[in-house]
Amino acid sequence: MQDSSKILCFGELLLHFAPDSEGNWLNEQSLKMYIGGAEYNVAAALSQWKNSVKLLSALPENFVANQLESQLNSKGIEVLAEKNKGRIGTFYLSSDGDMQNASVVYDRFPSVFTQSDFETFSDDGIFSEVKWLHISTITPALSDQAFHKCLQIMKEARTRNITVSLDLNYRALLWQNQNPHKIKELMPFVNVLMGNIWSVEQFLNIPVEYELNGNFDDENLLKQAEKTALEIRRQFPEVEKIANTFRFTNGEQVNYFATLFTDELLISKKYNSDTIKERVGSGDSFMAALIHGILKGNPDQQILEDATKVAFKKLFVKGDTIDESINIETL
C-alpha cells in the first residue's frame, strides 16, 4: 500500500509585477516581482510548514521556467509541469496604496497554462502519494481544458478516497465571458470549501438574503453565513467544512474575521489595523492554514483561529506568499 502523505495543488504559476502606485519604478527602471498564483501560494505556505506538497501546473521550455522550477524544488515543492512552447502568465498589481481601490491588470491569455491540454501525466503519476487535492475557482476559469482537468482530477480523487478542497475566490475579470455557475459541476466532489457569502452567491446561486449594512460588526453577516452554509450542505452533502472570510476595508484600514461551519457556526476572533502592507495572498494563507490544521487533526475552533490569524498576519508581509515570520506552530 502506497504512503499517502502529499498535498496536490493544481493551478497556474504566475509572475506578479508590483509597480509602486506613484510610478517611481519608471524613473528607477526597476520593477518588484514575486512568484504568484493562488494554488502556488497555498502550496508555498504548506511546504514552509513542513508538509509534503506537489504542484501540477504548466511551464514553458526556457531558462526562466527552469529557474522557477529549481526555486520551487528548493522550497520543497515537487513540480509536475506540462512543458510546451509559450509564455508564463503575468499580472500587475501595486503592493502599496489604497487596498479598496486597487486594480489588477492580467496578462495571462494566452499562456502555457491556458493553452495546455494537461495530458502529460497519468492519474497514477499525479496522485502518487497524494492524500489531499486543492484547487481554486481561478483555475477552471482559465480555459475549457483547465475546467475539464479540474473536473476529471476531482472525480479521480473521489475514487481514491482523497480529500478535495475548493477555494471559491471570485475574480470578475476572469469570468466575464463565461457562466460562473458551471462551478456547480465541481461541487459534488468537494469536501472542504472556502470563500465568502458573496462568492457563494456568484458561483452557486445561493442568494444573500439578509439586509447587510456593509460593516464588519453586522450581526446579519453571521446569520447569512450560517444560512448559506446550511444550503450548501443541503445541495452538496459531501461538503464537510465551510469557511467564510470577511475582510472589510476603508482606505488602508482593515477589519478581518472568519467563520467555520461543520455542524454549527464557529466564529473567530476579530482583527483590525489602521494600515496594511500587502493585499495579495491573505485568502490563500487562510486556505493553507485550514488544510494544515485539518490534516493535523486539530479541533475545529483552533483550526479557525489559526487560519484567521495567519490570514491577518499575511496582510503585513510583502509578496504573494507568507515568509518565515508566520509560523503556524508558534502563533
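Author: What follows begins with one lysine, turns to the salt bridges, and ends with the cysteines and a sheet.

The model is predicted, so local features require a pLDDT of at least 70 and side-chain atom pairs count only at pLDDT 80 or more, whereas totals for chains, interfaces and linings use all residues. Residues are numbered from 1 along each chain as its sequence is written, and side-chain values use heavy atoms, with hydrogens and water left out.

K182 is found in the loop between helix 7 (172–175) and strand 10 (192–195). Helices (H or I, at least four residues) and strands (E, at least two) are DSSP runs, numbered from the N terminus. K182 is buried and has no salt bridge. Buried means under 20% relative accessible area, exposed over 50%, and partly exposed in between, with a 1.4 Å probe and protein chains only. A salt bridge is a side-chain nitrogen of Lys or Arg within 4 Å of a carboxyl oxygen of Asp or Glu. For K182, the nearest side chain of opposite charge is that of D144, 4.2 Å away; Lys and Arg count as positive and Asp and Glu as negative, while His and the chain ends are not counted. Leaving aside residues up to four places away in sequence, K182 touches P140, D144, F147 and W175, where contact means heavy atoms within 4.5 Å.

Elsewhere, salt bridges are present, and their count comes to 13. One of them joins E61 to K85, with the closest N and O atoms 3.9 Å apart. E61 lies in the loop between strand 4 (52–60) and helix 3 (63–74), and K85 in the loop between strand 5 (77–84) and strand 6, so the pair ties together parts that are 24 residues apart in sequence. Both E61 and K85 are exposed.

A further salt bridge is formed by D263 and R233, at 3.3 Å from N to O. D263 belongs to the loop between strand 12 (253–261) and strand 13 (265–267) and R233 to helix 9 (residues 219–235), so parts that are 30 residues apart in sequence are tied together. D263 is exposed, with a relative accessible area of 68%, whereas R233 is partly exposed at 24%.

E329 and K296 also meet in a salt bridge, 3.1 Å from N to O. This pair links distant parts of the chain, 33 residues apart: E329 is in the segment after helix 11 (300–314) and K296 in helix 10 (residues 282–296). E329 is partly exposed, with a relative accessible area of 47%, and K296 is partly exposed with a value of 47%.

The cysteines come next. A disulfide is a pair of cysteine sulfur atoms within 2.5 Å, and the count of disulfides comes to 0. C9 is in no disulfide, the nearest cysteine sulfur being that of C150, 12 Å away. C9 is buried at 0% relative accessibility, and C150 is buried with a relative accessible area of 0%.

Finally, 4 strands form an open sheet with mixed pairing, in the order 3-2-6-7. Its edge strands, strand 3 (32–36) and strand 7 (105–107), each pair on one side only; two strands pair if DSSP finds at least two bridges between them. Strand 2 (residues 14–18) and strand 6 (residues 90–92) run parallel and are joined by 3 bridges. The bridge partner of H16 in strand 6 is F91.
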